[in-house]
Amino acid sequence: MLRNAGKRFCYGENLVLAPGNHLNTPRLECSEKVAQKTYEEEFASERNNQSKFNEEPSGVDTRPKEKRERMEGGMGGPGFWGLINPDWWLCHKGRRQSPVNLEPARLLFDPNLKPLHLDKHKVAGVLANTGHSVVFAVDNDTRHPVNISNGPLSYRYQFHEIHLHFGLDDRTGSEHTVDGHAFPAELQIFGFNSQLYSNFSDALHRAQGIVAISLLLQVGDLSNPELRIFTEQLDKIRYGGQAMEIKRFVVRELLPDTKYYMTYDGSTTMPACHETTTWIILNKPIYITKQQLLALRLLMQGDKDHPNAPLGNNFRPPQPLHHRPVRTNIDFNVQVTITTDGLV
């Protein structure tokens, strides 16, 4: 049985949406200090034709007015995707599009949602500046794929790639927002349904084909250690088309220490906006330093001779929910103790 889960949210350096002892109201913790101490198919054919989408926050969010006024960003902006290519019609007409603005007051508690599982072993892959995003794609010939299962998923999914979206200032960057609040960056872990489909490209067009795990990034004094593996290499992929090998990477270590999440049925956030994606947004952020964000903001879309514009602001704005339910495994009726280290 689903029921309304919460009505309030709190924003701070240590943002937590977690069980609490107030009826239908999330108990929240905003600490003064950071607690955590510690598609490359890239939608291949679509990406070759896609224009840069580095403008246009729209919908319900708090992104600056001057950026909202530039929301269409020329004929290549997300608002035009469904118009410039008929194969991308879902981007304009679809009713299960992503990202969305998450409203805590409208979350539905689902007691049948299980904890999410990701395999812990290491993988190798390629970190690339695609000219549209920073993407880590796992080696196709990996012997031990990272499996993603449980949570809201009915099938086993195989990790395929990671996308990083970020803003040119701390007020924007994430694709998903919470009560209109945007984060400086968002990291998205994509996998394909390996029980029904043979690869990511096949699954991209099929029912229950894709899973996307969203990690919202907050500024902190000490970053997620696994995230540093990426950011320490950014000087090697400063320009579009540059790539480098990452030999040992543990996807599971990117995740914050939480078993709680929100989930809804949506789409990929790049053309052709296929509505085949189960989104899982974790309730706690991971941390990125100001220095790491600065390094990201130095990345360029073009090559060294023609760098064009900065890579940042590579997010799609929130799309209408159209009455889709957003479920959560957070039961706000359960009393717990919340510290700056999370749940006890």
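Strand β6 (residues 116–118) and strand β9 (residues 147–150) pair in the antiparallel sense over three bridges. Strands count as paired if DSSP finds at least two bridges between them. Strands themselves are DSSP runs of E with at least two residues, helices are runs of H or I with at least four, and both are numbered from the N terminus. This is a predicted model, in which local features need pLDDT of at least 70, side-chain atom pairs count only at pLDDT 80 or more, and totals for chains, interfaces and linings use all residues. Residues are numbered from 1 along each chain as its sequence is written, and side-chain values use heavy atoms, with hydrogens and water left out.

**Strands around β9**

Leu116 has Asn150 of β9 as its bridge partner. β9 also runs antiparallel to strand β10 (residues 157–166), joined by two bridges. Here Asn147 is bridged to Gln158 in β10. β9 and β10 form a hairpin with six residues between them. Gly151 in that turn has a positive phi of about 60°.

Asn150 lies in strand β9. Its phi is near 60°, a positive value in a residue other than glycine. Asn150 counts as partly exposed because its relative accessibility is 35%; the partly exposed class falls between buried (under 20% relative accessible area) and exposed (over 50%), with a 1.4 Å probe and protein chains only. His322 also has a positive phi, near 55°. His322 sits in the loop between α7 (290–297) and β18 (327–328). It is partly exposed, with a relative accessible area of 32%.

| Cis peptide bond | Omega | Location |
|---|---|---|
| Ser98 to Pro99 | about 5° | Pro99: loop between α4 and β4 (101–102) |
| Pro271 to Ala272 | near 15° | Ala272: loop between β15 and β16 |

**The disulfide**

A search of the whole structure finds one disulfide, meaning a pair of cysteine sulfur atoms within 2.5 Å. The partners are Cys91 and Cys273, with sulfur atoms 2.0 Å apart. The link is right-handed, with 100° about the S-S bond. Cys91 lies in helix α4 (residues 89–93) and Cys273 in the loop between β15 (261–266) and β16 (277–282), so the pair ties together parts that are 182 residues apart in sequence. Both Cys91 and Cys273 are buried.

**Nonpolar cores**

A nonpolar core is a set of buried Ala, Val, Leu, Ile, Met, Phe, Trp, Tyr and Cys residues joined through side-chain atoms within 4.5 Å. The largest such core has 42 residues. Within it, Phe159, Ile189 and Leu215 touch the most other members. Beyond its neighbours within four places in sequence, Ile189 is in contact (heavy atoms within 4.5 Å) with a set of residues including Ile148, Phe159, Glu161, Val211, Leu215 and Leu255. A second, separate core has 20 residues, among them Leu102, Phe183, Leu204 and Ile210. In soluble globular proteins, nonpolar side chains tend to be buried together.

**Whole chain**

The protein chain has seven helices and 20 strands. Buried residues make up 59% of its 344 residues. The chain exposes about 14600 Å², of which carbon and sulfur atoms supply 47%. Accessible areas come from the Shrake-Rupley method with a 1.4 Å probe; for residues, only the protein chains shown count as cover.
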